[in-house]
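Subject: Structure for you to look over

Dear colleague,

I am handing over the structure below, and my notes on what was found in it follow. Please read them with the structure open beside you.

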Amino acid sequence: MSKTQLVEQLKGGLDAPICLTWELTYACNLECVHCLSSSGQRDPRELTTDEAKAVLDELHDLQVFYINIGGGEPMIRRDFFELLEYSIGRGIGVKFSTNGAFIDAAKAKRLTEMDYLDIQISLDGTDAVTNDAVRGEGSYDTAITAMQHLQDAGFGEFKISVVITRHNVDQLDEFKALADEYGAQLRITRLRPSGRGADSWHDLHPTQAQQRQIYDWLVLNGRNVLTGDSFFHLNALGEEPLPGLNMCGAGRVVCLIDPIGDVYACPFVIHDEFKAGSVRDEGGFSNVWKQSDLFTELREPQSAGACASCGSYDACQGGCMAAKFFTGIPLDGPDPECVSGHGETALLAASSIQAPKPMMDHSKPSRVAVTIGRR
Amino acid sequence: MLDATLTLHPQVALRPEPFGALAYHYGNRKLIFLKHPDVVRIVESLDGTATVAETLAACDIDEARWPSFEQALTNLQTSEMLQ
Ligand code: SF4
Ligand code: SF4
């Protein structure tokens, strides 16, 4: 079976997700302007420890090999280590994303002693000015301190995860050098207009010229850099496809469990239209994954719509569903960052309508200076 | 390859899927698609004592198809799924 055939198979869905993200809490010590889940305050309905363990039992039965844990800041949960250990004990490896605020020397040591664990530190600039403009004052130092603790503890290859914006795109080489310095692996992902990103996307997303810059950089360096398969819309720029499956995996190989147990098609579409059900429903997560109307629909062949006449459709697949949805572009329209230039027209056409607003906003009520709590 | 005696790495788990199976290596965290049910059948039959050729024969694989299976098994060996 060729890769194309495999991708066709995957579009029809898998028996269980490959890439499952589980956001443990909406609470966060930071307030990043592009937060995909509009995190800030804890939701009183968040899953209890027992409920979370029951979900892990189910994922074990489904033979989910690993999960991506995020938030909010997942380490804020008091049962964070308990859930981590439970998951790993059930044979489900964990990769978790953190801003690093709660990784001190002792925690770094504890994390280093665990197997099947990966850590991803979020960093959006190689200097404090660039990073803190997006992630908040002091967040650069926080991340670097955490990285230092992990290196001192001998954790090995953790990940540095960067959301590429207009302002840090020129730092790609520096990010790579920084990762190398800490024995870490670089991961870069695409900014989407999800969560609070809906408000900041227009100012932060890379320009057309920068899209080309990212593509060229990935062609040169892509083999040593992780991307979460997020730049496949750039494939329309060249002959050589970027590494990865290069398809939208939403509801097919990807999904999100949010802190209150709701299941969405992907972490970037927290909106009722993409909510498939809840792990609290009868039949639990398996039932949602296997039976929900939404996921069944997403696994049907999708129409190329406005992109049908574009010669690059096979390479680009019309881009990211989340990026279209939250900019008000029809789902069968071009990606707002379409590298063939159709994004601008589509955005212009969408500007007369009200684009759907991301839901489940847990931002703190006042955006006053935040003090970072340390424990 | 045909003379090798191979077996699934103890840290590898197989998950059946409509197209074949997914193989995940808990040690090096690689995920590989086994893109045909016959590949899955062979991988599951490798027991570390019989050679690859013997296993292919025991699984009733037509010799004309052996080269493609050798290729698939070589890839699995390169990513340490088989040892
Ligand atoms: S028109 Fe559609 S398929 Fe073509 S490059 Fe743009 S988004 Fe991709
Ligand atoms: S909607 Fe966008 S972010 Fe979500 S899986 Fe599809 S391409 Fe990826």
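Which residue of chain B forms a salt bridge with Asp118(A), and how far apart are the closest N and O atoms? The partner is Arg29(B), with the closest N and O atoms 3.2 Å apart, where a salt bridge is taken as a side-chain nitrogen of Lys or Arg within 4 Å of a carboxyl oxygen of Asp or Glu.

Before the rest, please note that this is a predicted model, in which local features need pLDDT of at least 70 and side-chain atom pairs count only at pLDDT 80 or more, while totals for chains, interfaces and linings use all residues. Residues are numbered from 1 along each chain as its sequence is written, chains are lettered from A and ligands numbered from 1 in the order in which they are written, and side-chain values use heavy atoms, with hydrogens and water left out.

The interface

A search of the whole structure finds 21 salt bridges over all chains. Asp118(A) lies in strand 4 of chain A and Arg29(B) in the loop between strand 2 (20-25) and strand 3 (31-34) of chain B, so this pair joins two chains; helices (H or I, at least four residues) and strands (E, at least two) are DSSP runs, numbered from the N terminus. Across the interface of chain A and chain B, the rule finds 1 salt bridge. Contact, meaning heavy atoms within 4.5 Å, takes in 21 residues from chain A and 16 residues from chain B. The two chains bury about 1,700 Å² between them, 62% of it on carbon and sulfur atoms, buried area being the accessible area (1.4 Å probe) that two parts lose on being put together, summed over both.

The pocket and the cavity

The second largest pocket has a volume of about 940 Å³, and among its 41 lining residues Lys11(A), Cys248(A), Arg252(A), Tyr313(A) and Gln317(A) lie nearest its centre. Helix 1 of chain A gives the largest share of this lining, 5 residues. On a 1 Å grid over the protein atoms alone, a pocket is an open set of points with protein on both sides within 12 Å along at least five of seven lines, whereas a cavity is a set of points where a 1.4 Å probe fits but cannot get out, and lining residues have an atom within 4 Å of a point. Grid points are joined across faces, edges and corners, and a volume is the space filled by probe spheres set on the points.

The structure holds 1 cavity of 30 Å³ or more, and about 30 Å³ of space lies in the largest cavity. The residues that line the largest cavity include Ile164(A), Arg190(A), Phe231(A), His233(A) and Glu337(A).

Backbone points to check

Most residues other than glycine have a negative phi, and most peptide bonds are trans. Finally, a cis peptide bond, with omega about 25°, joins Gly71(A) and Gly72(A), and Gly72(A) is found in the loop between strand 2 (66-70) and helix 3 (80-89) of chain A.

With best wishes
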